Amino acid sequence: MSLLDIRNLSVRFGDADAPPVVDGLDLSVDRGEVLAIVGESGSGKSVTMMALMGLIDPPGVVSADRLAFAGQDLLSLKGKQRRRLIGKDLAMVFQDPMTALNPSYTVGYQIEEVLRAHLGLKGRAARERALALLEQVEIPAAASRLDAYPHQLSGGMSQRVAIAMAIAAEPQLLIADEPTTALDVTIQAQIMALLLRLQRERDMGLILITHDLAVVAETARRVCVMYAGQAVEQGEVPAIFEAPTHPYTEALLASVPEHADSRRLATLPGIVPGRYDRPEGCLLSPRCPYARPHCQTRPALMPHARGAVRCFFPRNLAAGEINPLAPGRHRRSPPKGDLHAY
Amino acid sequence: MLGFIARRFGLLIPTFFGVTLLTFALIRMIPGDPVEVMMGERRVDPELHAAAMERLGLNKPLYLQYIDYVGALLQGDLGESLRSRTSVWKEFTSLFPATLELALAALLFATTLGVLAGVIAALRRGSLLDHGVMGLSLTGYSMPIFWWGLILIMVFSVWLGWTPVSGRIDLLYDIPPVTGFMLIDTLLSGEEGAFTDALMHLILPAIVLGTIPLAVIARMTRSAMLEVMREDYVRTARAKGLSPARVVFVHGLRNALIPVLTVLGLQVGTLLAGAVLTETIFSWPGIGKWLIEAIGARDYAVVQNGILLVACLVILVNFTVDVLYGLANPRIRHQH
């Protein structure tokens, strides 16, 4: 049984007819597994994790066929029962460490708060554990940092503190939402190495949200590529990097300097569609170099031997591996004339 | 922290001299002089008038009068009342506890209710409750103090008969002044019913005086809370699985109170200004009533130095708030 099992997760803000920010997402993470989620800003990566943590407030609406963590259905849990899991078994590290810590409390207090809430530790015991945690996240002179306020720490230090807070109650699953985006390049590698070491040592599940495909290639076993609230491609990491099946994944890889074939770095024109400019058919179609008339209908996420892809005309797949144009695989049947054209 | 305090203290000195200049000038801009007022309505004998003016040192050029005044101040001499011939300091200290008691009661009322109302309005943003609380606070803020006081007296004292109309305590009680705070003195005196009576006397003036600060604090708390609850660290606190109450009060309100605290310091000025009107309406024997009467009598020494003392108080309170601000907000403390 997987540690985290999400089926058909949708998150909406505002009217019921507004396009969902997260649209029918399936996701699973096993114990001790590293899953990467990649995609542009606005693709719904963070909102998905916020929904998982129960941090979506009205008017946001979260719905799912299944939102199970360690066998428990998160959606059916009452507030208090859910808070017993959140911050304990299921913890999160956020993007900007400089604003993620409360400026009014010391580092020690903010770590001890987790220990008190979830493990019942108080006083000296809590302080000793907090110190041990700071040492585990490799903060130099940890004892003197316990009484420091967040504004006295650098960004990298703050992120280490945030990580210490997140792992304080020994979570089974850690979500790291672009944990290095706000940091200096030199610090980024250190923080990633720290997260991966902790993940291995504690055999935690780790969901890594990132822009950085190089990081994905080095760290994750599986990857989920998101675009405009939908998963467009899922699969094992080496396979996807060698032969991306979705045009969007291909474009993402082409925009990485190390992967680029030509001397000029490839870009994908346009931006992720917003609420008012969502295309009728495949959400990528206005930007897709391979779009054909058939793409005016919505493709579904279709499994194949190496993963799953949401595209009528997948790349790098041998004929017969997948039959995206078969009836029932998409919401609207394609216009007949188009079928003959291809 | 000590350097921070010293720097803030240094800023007080020019403020102090500014206040002396203002009070000195203002009272002299009012037509009429103290001798005329003391000698009554009828025409004053010019020789007597000149003699009195000379005796009081009021015939000298203004700049010399100012130098005399500041010179005396620097030696700690606040002068004596032209009317009662007792020292201004003595009169001030005997009357001040009454004002302080009233102001503290008003502040307590305004802060507890204001912070609570602000937090609730912020958490229920856009709801009927939020609009109600904010509408009421705007009404309270816009209400003239004297009118609001009279309305409350009419409803609660005259119609309902729940509270007394004026004064600090019923004439039936003879309470020896120990601390000057009626609530404490009545308890010390051991007289039965005296404490309740003093409390009943305090309620209406405290509400009247606290209304404007209450409105300001409620609005300030609401906007500060709305801002703080959107902060990343509040999301972090929620992601720790803390209870909503802990998220709101420990992580939210603690940070939202920082701007509220500053406003609170500024409100002390409003409070003392309001005390003048409130004390007059409720015949409360405090500094406000004393100053009003001194202005009527052109009692230069009392007006100048009474206002100076009140101003010093406001300055000191704001200084304290600045220091507290440093304590509440570690970022300020370490900035220097």
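**View 1. The two domains of chain A.** Chain A of this predicted model is divided into domain 1 (4-220) and domain 2 (226-341); such bounds come from an automatic or database domain assignment. Taken over C-alpha atoms, the centres of these two domains of chain A are separated by 30 Å. Residues are numbered from 1 along each chain as its sequence is written, while chains are lettered from A and ligands numbered from 1 in the order in which they are written. Local features need pLDDT of at least 70 and side-chain atom pairs count only at pLDDT 80 or more, whereas totals for chains, interfaces and linings use all residues.

**View 2. Where the domains of chain A meet.** Here 22 residues of domain 1 of chain A are in contact with 15 residues of domain 2 of chain A (contact: C-beta atoms, placed from the backbone, lie within 7 Å). On the domain 1 side, strand E2 (22-29), strand E3 (34-38) and helix H9 (213-219) of chain A each supply at least two residues. The largest share of that side, five residues, comes from E2(A). Helices (H or I, at least four residues) and strands (E, at least two) are DSSP runs, numbered from the N terminus.

**View 3. The largest nonpolar core.** This core has 95 residues, and those with the most contacts inside it are A:Ala164, A:Leu174 and A:Val225. A nonpolar core is a set of buried Ala, Val, Leu, Ile, Met, Phe, Trp, Tyr and Cys residues joined through C-beta atoms within 7 Å. Buried means that 20 or more other C-beta atoms lie within 10 Å of a residue's own; exposed means 12 or fewer, and partly exposed is in between, with C-beta atoms placed from the backbone. Helix H7 (residues 155-167) of chain A gives the largest share of the core, eight residues. Both domain 1 (4-220) and domain 2 (226-341) of chain A contribute at least three residues each.

**View 4. Around A:Leu174.** Leaving out residues up to four places away in sequence, A:Leu174 touches A:Ala91, A:Val93, A:Ala166, A:Ile167, A:Gln199, A:Met204 and A:Leu206.

**View 5. Chain A against chain B.** Look for 24 residues of chain A in contact with 18 residues of chain B. Helix H2 (79-85), helix H3 (97-100) and helix H4 (107-119) of chain A each give two or more residues to the chain A side. H4(A) provides the largest share of that side, four residues.

**View 6. Inside chain B.** The secondary structure of chain B comes to 15 helices and zero strands. Of the 336 residues in chain B, 35% are buried.

How values were computed
Two residues are in contact if their C-beta atoms, placed from the backbone, lie within 7 Å.
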